[in-house]
Amino acid sequence: EIILSTKTYLETIIEIIKELDNEVDEYKYKNDLYDFVDISKLAIKIVKENEEIRNEIKNYFQEILVDEYQDTSDLQEEFISLIANNNVYMVGDIKQSIYRFRNANPNIFKNKYDNYSQNNGGMKIDLLKNFRSREEVLDNINLLFRFILIIDISLLVKISNIILGFR
């Protein structure tokens, strides 16, 4: 009941934020000021709406390699999917996803990993040899994450946010 009593305040705050967002977008457009997300959305729009450009990009690259794929955002994934030509290679480790504050979506990695594990949409190759860390360190980290990843990927995101100070 207490929470419901704040509904009108929340609706007003949301409207103010929407209006501010519209004004900021209008200002950026008038002054040719764009941030990374704006440029990403414009690139997607160009590629989506121009088949000739899309095909030129698709056919230009022999391979597309995405490192740290666990930190891919929805916008990045959409762009990659538009220019992919059965030539995308992804490398990542979901346990290392740390860029949620930059809109990284580790579920993109998890979904592809799960699908590719079933030979659905691609092929999965596990790189199991680590040359940077001692076996004792890896064993303990893998043990910890085995329990975390069984619970839910959202828990991993929560732990990452706590470690980074985003509560």
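User: What makes two rings of Phe, Tyr and Trp pair?
Analyst: Their centres have to lie within 6.5 Å, using the six-membered ring for Trp; planes under 30 degrees apart count as stacked, over 60 as edge-to-face and the rest as tilted.

User: Which residues get linked into a cluster by ring pairs?
Analyst: Tyr69, Phe109 and Tyr113. Before we go on: this is a predicted model, where local features need pLDDT of at least 70 and side-chain atom pairs count only at pLDDT 80 or more, while totals for chains, interfaces and linings use all residues. Numbering starts from 1 along each chain as its sequence is written, and side-chain values use heavy atoms, leaving out hydrogens and water.

User: Thanks! How many aromatic pairs are there in the whole structure?
Analyst: The search finds 3 aromatic pairs. One of them joins tyrosine 69 to phenylalanine 109; this pair is tilted, with 6.2 Å centre to centre and 50° between the planes.

User: Which parts does the pair of tyrosine 69 and phenylalanine 109 tie together?
Analyst: Tyrosine 69 sits in the loop between strand E1 (64-66) and helix H4 (74-83), while phenylalanine 109 belongs to helix H5 (residues 106-117), so the pair ties together parts 40 residues apart in sequence. Helices (H or I, at least four residues) and strands (E, at least two) are DSSP runs, numbered from the N terminus.

User: And the stacked pair, what is its geometry?
Analyst: Phenylalanine 109 and tyrosine 113 are 6.0 Å apart centre to centre, with 15° between the planes. They are 4 residues apart in helix H5, which means about one helical turn separates them.

User: Is phenylalanine 109 buried or exposed?
Analyst: Phenylalanine 109 counts as buried, at 13% relative accessibility. The cut-offs are under 20% relative accessible area for buried, over 50% for exposed and in between for partly exposed (1.4 Å probe, protein chains only). Tyrosine 69 is buried as well, whereas tyrosine 113 is partly exposed at 33%.

User: Which residues are buried in H5?
Analyst: Pro106, Ile108, Phe109 and Tyr116 are buried there. Looking down the axis of H5, you find the buried residues within an arc of 155°, so they line one face of the helix. The arc is that of the directions from the helix axis to the C-beta atoms.

User: How far does H5 reach?
Analyst: Its 12 residues reach 16 Å from first C-alpha to last, close to the 16 Å expected. The expected span is 1.5 Å times one less than the number of residues. Helix H1 (residues 7-30) agrees with its expectation too: its 24 residues should span 34 Å, and the end C-alpha atoms are 35 Å apart.

User: What comes after H5?
Analyst: Asparagine 119 follows, with a positive phi near 55°. Most residues other than glycine have a negative phi. Asparagine 119 lies in the loop between H5 and helix H6 (135-151) and is exposed, with a relative accessible area of 63%. Asparagine 103 also has a positive phi, about 70°; you can find it in the loop between strand E2 (88-90) and H5.

User: New topic! How many salt bridges does the structure hold?
Analyst: It holds 10 salt bridges. A salt bridge here is a side-chain nitrogen of Lys or Arg within 4 Å of a carboxyl oxygen of Asp or Glu. Lysine 112 forms one with glutamate 77, where the closest N and O atoms are 2.5 Å apart. That pair links distant parts of the chain, since lysine 112 is in helix H5 and glutamate 77 in helix H4, 35 residues apart. Lysine 112 is partly exposed at 22%, while glutamate 77 is buried at 16%.

User: Which residues are linked in a network of salt bridges?
Analyst: Asp25, Lys28, Asp35 and Asp38. Lysine 28 meets aspartate 35 at 3.4 Å, N to O, and aspartate 38 at 2.7 Å, N to O. The pair of lysine 28 and aspartate 38 joins helix H1 to helix H2 (residues 36-49), across 10 residues. Lysine 28 and aspartate 38 are both buried, but aspartate 35 is partly exposed at 37%.

User: Last one: how many helices and strands are in the protein?
Analyst: There are 7 helices and 2 strands. From the N terminus on, the order is α-α-α-β-α-β-α-α-α. Of the 167 residues, 20% count as buried.
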